[in-house]
Amino acid sequence: MRAFLLLFLLFLLVGCEKREERVVTFAVGGAPNEIEFWEKLVREFEERKGIKVKLLRQPTDTDQRRQGLVVALRSGMKDPDVFLMDVAWLPQFAASGWLEPLEGSGLKREVFFKRVVKLVDIYSGKLVALPVYVDGGVLYYRKDLLEKYGYSKLPETWEELLEYSLRVQRGERKKSPQFFGFVWQGAQYEGLVCTFLEFASSRGGGITFRKGRLVLNTGPNVEALTFMRDLIHRYRISPPNTYTEMKEEEVRMFFQEGNALFERNWPYAWALHQSKDSKVRGKVGIAPLPKFKGGRRASTLGGWHIGISRFSDTKRESLEFLKFVLSYEVQKRLALNLGWNPGRTDVYEDRDVLKRMPHFKVLREVFNYIVARPVSPYYTQVSEVLQKYLNSALSGRLSPEEALRRAEEEVGKVVERYSR
Ligand code: GLC
């Protein structure tokens, strides 16, 4: 009788546990259309697998997305279980021990961009994340306007881009006073570091650590930053709010309203520019970013990676979801619907993708010019300093040289603090 009672109790307990629903919380941000798409994918996954997923909406800005996750992970919270991480701050998450190793999960890491996986997804020899999509800075341009002003070829150099912009802006201003030649990300946030890295690398400079010291205040970097500042204040082909407000979405909307000739942005803007309610639909071209005369092309490596929290209480279910997001089918749909560059390389050979995404050819070229931000667990602290000083040069508060000198000095202190 007693054994029977025990068995009965056990049965009740197991029953209860089964009934208690296990929910995977997935944190993701981005442009509104991207979140909508994630909602759809999540619903499909739930139907197919019978696993519930709660979508935790995050902002678009990468710094804000990181801060939101750091608060939860630092205190070891169980949620969110799965999240996307920017390639820039993934090393911090890995080094903090916040990511559940994906070893033995049956995921084939060889189908993903090898260089990128090696750069950030493997920590202490263990796979901790995989790329959902890779990003690179690109140039969008108005085909119709280049034609209208008699330009038969794209600007090869930044100097040419300036020339084209000045002329077209002058002409277009007659009927649209809000028109500008070139829009790009200059607000005080991570995107500014990405833009600066492109200009600087193209000039022969960059953001590099040598013997543990950041080398920043160099001739080419000063020239690049001066050029950026001049685009706003001297040539005035970039709007005055470039350094106060311009992040990805602000830049994209400005261009999409028909108010600019050129735009620097990431591949995601392509699908939106071609959407039904876009004023520039059918009038947009995409190309690698120009280079400085005598310099080289450069495009900052961006992108978002997926991982599972070490504190998750639904690791098995989370892994199922992660596998779903990284599957060929979903990766293909992310490319077709959002214009993203999938992290899986096999999708690039897909016939539908090649047919419906002709701009993928351009994007493939862009990846030849990729430059990476420093890969370091304390990159975000370094970046915060850079953001502040680069922005103060754009606003005119500090000369480019003074800004870079001070940034170099302050980063030195950060490095010292972390390497102690
Ligand atoms: C994009 C890139 C990311 C970068 C961010 C900057 O989201 O994918 O790597 O840090 O833009 O704003």
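Helix 2 and helix 12 are oblique to each other, a word kept for angles that are not under 35 degrees (roughly parallel), over 145 (roughly antiparallel) or 65 to 115 (roughly perpendicular). Helices here are DSSP runs of H or I with at least four residues, strands are runs of E with at least two, and both are numbered from the N terminus. The model is predicted, so local features need pLDDT of at least 70 and side-chain atom pairs count only at pLDDT 80 or more, while totals for chains, interfaces and linings use all residues. Residues are numbered from 1 along each chain as its sequence is written, and side-chain values use heavy atoms, with hydrogens and water left out.

The axes of helix 2 (residues 32-49) and helix 12 (residues 315-325) come within 11 Å and cross at roughly 120 degrees. Axes are lines fitted to C-alpha atoms, for helices over the stretch in contact, and angles run from 0 to 180 degrees between N-to-C directions. Trp 38, Leu 41, Val 42, Phe 45, Arg 48 and Lys 49 in helix 2 meet Glu 317, Glu 320, Phe 321, Phe 324 and Val 325 in helix 12, contact meaning heavy atoms within 4.5 Å. This contact has seven nonpolar, no polar and four charged residues. Nonpolar covers Ala, Val, Leu, Ile, Met, Phe, Trp, Tyr, Cys and Pro, charged covers Asp, Glu, Lys and Arg, and the others, Gly among them, are polar.

Helix 16 takes part in two further contacts. With helix 9 (residues 219-233), the axis of helix 16 (residues 379-395) comes within 8 Å, at a crossing of roughly 45 degrees. Leu 225, Met 228, Arg 229, Ile 232 and His 233 in helix 9 meet Leu 390, Ala 393, Leu 394 and Ser 395 in helix 16. The axes of helix 8 and helix 16 come within 8 Å and cross at roughly 75 degrees, which makes the two roughly perpendicular. Their contact has seven nonpolar, three polar and one charged residues.

Helix 8 (190-202) also supplies at least two residues of the lining of the largest cavity, as do helix 3 (62-74), strand 6 (130-136), helix 10 (248-256) and strand 13 (299-308). A cavity is a set of points, on a 1 Å grid over the protein atoms alone, where a 1.4 Å probe fits but cannot get out; lining residues have an atom within 4 Å of a point. The largest cavity has a volume of about 300 Å³, counted as the space filled by probe spheres set on points joined across faces, edges and corners. Of its 24 lining residues, Thr 60, Asp 135, Glu 248, Trp 266 and Trp 304 lie nearest the centre. The lining divides into eight nonpolar, seven polar and nine charged residues.

Definitions and conventions
On a 1 Å grid over the protein atoms alone, a cavity is a set of points where a 1.4 Å probe fits but cannot get out, and a pocket is an open set with protein on both sides within 12 Å along at least five of seven lines; lining residues have an atom within 4 Å of a point.
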